[in-house]
Amino acid sequence: MKLATKTLIAIMLGVLTGLGISIFTPNVYEILNSYIFSPVGELFIKVIKMIVVPLVFSAVVMSITSVGSPKKLGQLGGKTVALFVVTTMIACTIGIMTAIVIGPGTNVAIPESSALSQNEADGGHGGSTSDPVEFPTFKDTILSFVSSNPFEAFAAGDMLQVLTFSIFFGIGLTLLGEKAGTINLFINQLNELMMKLVQIIMKVIPYAAFSLVATSMGTAGLDLVGSMVKYLIVIAIGLIVHVAITYGSMISLFSKFKPVQFFNKMSPAIGTAFATSSSAATHPVTKNCCENDLNISKDVSSFVLPLGMTINMNGASFSHGVAAVFVAQLNGIELGFVQYITIVFISLLASVGAPAIPGGGIVSLSMVFLAVGLPIDGVGIAIILGLFRLVDMALTSVNVLGDAVCASVVDRRQGHPKEIIKQNIVS
């Protein structure tokens, strides 16, 4: 049985178990929640938090060094990265706006026992809904990007400062070139190790999803069922808007295809991404669709697709925006303009560090929450993690489609070698 199927079954069992036991035998539920459901869910969250910092550091550094020389980045890479940045920020903005309009986390009464808060060491923004929430100013937010002691930032898990240091570290390694060969090898091996740990953690997702959902349903009751449905509706509507408007406009204006034609030619890759929830596993199919069906040059596809598989995570960025607003609404936290900008920016950087494997977005999601002070151990995150495997299939499909769209645009801007050859033969 596939992991996605197991997870969906676990979610349904979690809903039925949590609601059924808490309604008919509340005393039994308290015992099970205290000794099984809650400990398993909390253990999973702690393990995720444990690997976030080393995974993000290694992935961001490796992504920067994989681009190669600054000259190469300035030529083909400049156009590609610019497209990745713009589409990723648009995706996150659409996610935020869709969640604000639909409000999946509004009008839900969460008992105080389930509204877990963060302590002051986590930033002080995710406190109890009854406490006044003070947000940093724009100046403070900018200054907080850099730490005077990177080791302190790593120890505290300050994702803003960890990301900033990782970017500078990666640029430095790129400028050093072959002199930093040993360090590059270490970073690559560290990244492979972290990704292997993520794959191991993903194997226990069904059990964690069951426990988290059972705890959430038993604690907050039927109100959360409506929130879960609304959350899925937000994801579906937002992704459709992003694909239709953002990708559709790019294809119509900057490629030689019509959107429907483009999507049809990419359908094998989209289907594979949906089934595997892995951009890496889908890469051979994506490359084949781009080169043979869309007639994109091999030089462009060989550069844009692997880079996009690593740093172009439109679907993940979109889900970050939705999840942040959803959790803030559930906990009664008012997010301001600075916090929304921070979510977009951190989501952009977090998407760089998200592994192209099933469930990799869970790690990057925790980075966004920690950066803006949202609780990562309450009811909201339980719902998100419980539904993540279902949502991740759609998000991965959008990620893969976004890579192909950007490759098509870059190919058109660079000039199309195959088309030129055909024209010369005809003439």
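Modeller: The protein has 18 helices and zero strands, where helices (H or I, at least four residues) and strands (E, at least two) are DSSP runs numbered from the N terminus. This is a predicted model, in which local features need pLDDT of at least 70 and side-chain atom pairs count only at pLDDT 80 or more, while totals for chains, interfaces and linings use all residues. Residues are numbered from 1 along each chain as its sequence is written, and side-chain values use heavy atoms, with hydrogens and water left out.

Biologist: Why is His320 called buried?

Modeller: Buried means under 20% relative accessible area, exposed means over 50%, and partly exposed lies in between, with a 1.4 Å probe and protein chains only. His320 has 1% relative accessibility, and therefore counts as buried. His320 lies in helix 14, and 16 of the 17 residues of that helix are buried.

Biologist: What makes the pair His320 and Ser347 a polar contact?

Modeller: A polar contact is a pair of N or O atoms within 3.5 Å; within protein, one must be able to donate a hydrogen and the other to accept it, and residues adjacent in sequence count only if both atoms are side-chain atoms. The side chains of His320 and Ser347 are joined at 2.9 Å, so the pair meets the distance limit of 3.5 Å.

Biologist: How do you know that Lys287 and Glu291 form a salt bridge?

Modeller: The term requires a side-chain nitrogen of Lys or Arg within 4 Å of a carboxyl oxygen of Asp or Glu. The closest N and O atoms of Lys287 and Glu291 are 2.6 Å apart, so the pair qualifies. By this rule the count comes to one salt bridge. Both residues lie in helix 12 (residues 279-293), four residues apart, about one turn of the helix.

Biologist: Why do Lys287 and Glu291 fall into separate accessibility classes?

Modeller: Lys287 has 24% relative accessibility and so counts as partly exposed, whereas Glu291 has a relative accessible area of 8% and is therefore buried.

Biologist: What makes a group of residues a nonpolar core?

Modeller: The members must be buried Ala, Val, Leu, Ile, Met, Phe, Trp, Tyr or Cys residues joined through side-chain atoms within 4.5 Å. The largest such core has 101 residues, and Phe44 is one of those that touch the most other members. Helix 17 (residues 379-414) gives the largest share of this core, 16 residues. With contact meaning heavy atoms within 4.5 Å, Phe44 touches residues including Ile201, Leu212 and Leu385, not counting residues up to four places away in sequence.
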